[in-house]
Amino acid sequence: MAVQNSSLSKLQSLNGIFAIYKKQGPTSADVLNTLKKALLKEAGVANPNPRKRKKQPLKIGHGGTLDSNAYGVLVVGIGEGTKMLTTMLAGSKKYRAVAEFGKATDTLDVTGNVVEEKSYDHITKEAFEEKLKQFTGEIMQVPPLYSALKKDGQRMSVLLKQGQEVEAKPARPVTVYSLSLQDFSPPYFTIDVECGGGFYVRSLVDDLAKALSSCAHIKELTRTKQGQFTLEEHALKEDRWTWTDISQALQPCPKPAGQQKNAKKAKSKHKPTSSESEGDNGDQND
């Protein structure tokens, strides 16, 4: 029991944010529950139920839903790090999307049913790249019906699957920092987009195709970056969802204001040498 308590205490001492790799298929919530279960199991917690919200020995959350069909960077907050997730939600994200002209689906991606078909032969690479300019900067965007957004406390996607009628949410301002065409091989095309919070790449592809007098849906979506976390450098795959790997990858929480004031008082009593001063500045920059 002492070993279990020690392992759990060690796990509960983690406070900060890190990135994991979300594979295609499960929801972001499912991935988070798998992560939580793995960590609790490693800490010796018998039969952990990560879905049970009350009296959880481990506080964990993610910094922005990634569609079930999408894969890539999912930022996770652990312990006090969950309080840092609001910043991650609003921050910059990068995606790569592979899409197909000529077919529109109800979900705006490959998981949905085809609801419309249109020709795309008239679309040239030059016309496509010119149209991208209209979708860069501050734009208005209507979120997809199938989304994590809620109506009367329930996710719109769940309500639609239950056969209920759902009205589209009103258009809202979103930011596209950069948008570029990576490949143009009709009916397929690949785009890279860097955007702010609340942005839907599925809606972008749908709107873009409509603006070109056609229709389209996403075949494959990858989040390649969120905040400072990139897919290549930071996203931990499932075999590395361990205390050791996470503690090494963790971006720690900034010190609470109270602690910083106390630290300053302590520093004023002991005047540091020049080498100690450099160390203090380094800690604050982290």
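## Ground rules

A residue counts as exposed when its relative accessible area is over 50%, as buried when that area is under 20%, and as partly exposed in between. Keep in mind that this is a predicted model.

With the salt-bridge rule applied, the count comes to 10.

## Glu130 and Lys133

Let's start with Glu130 and Lys133, whose side chains form a salt bridge at 3.1 Å, N to O. Lys133 has a relative accessible area of 56%, so it lands in the exposed class. Glu130, with 47%, is partly exposed.

Next up is a trio: Lys59, Glu80 and Lys83 belong to one network, joined by salt bridges that share partners. Within it, the side chains of Lys83 and Glu80 meet at 2.7 Å, N to O.

How do these two sit relative to solvent, buried or exposed or partly exposed? Lys83 is exposed, with a relative accessible area of 57%, and Glu80 is partly exposed at 36%.

## A link between distant strands

Now for Glu100 and Lys219, which pair up in a salt bridge at 3.5 Å, N to O. This one ties together distant parts of the chain: Glu100 belongs to strand β4 (residues 93-101) and Lys219 to strand β12 (residues 216-226), with the two residues 119 apart.

Glu100 is at 10% relative accessibility, and because buried means under 20%, it counts as buried.

Note on methods:
Residues numbered from 1 in each chain as written. Predicted model: local features only at pLDDT ≥ 70, side-chain atom pairs only at ≥ 80, totals over all residues. Heavy atoms only, no water. Salt bridge = Lys/Arg side-chain N within 4 Å of Asp/Glu carboxyl O. Buried < 20%, exposed > 50% of the residue type's maximum accessible area, 1.4 Å probe, protein only. Helix = DSSP H or I, 4+ residues; strand = E, 2+ residues; numbered from the N terminus.
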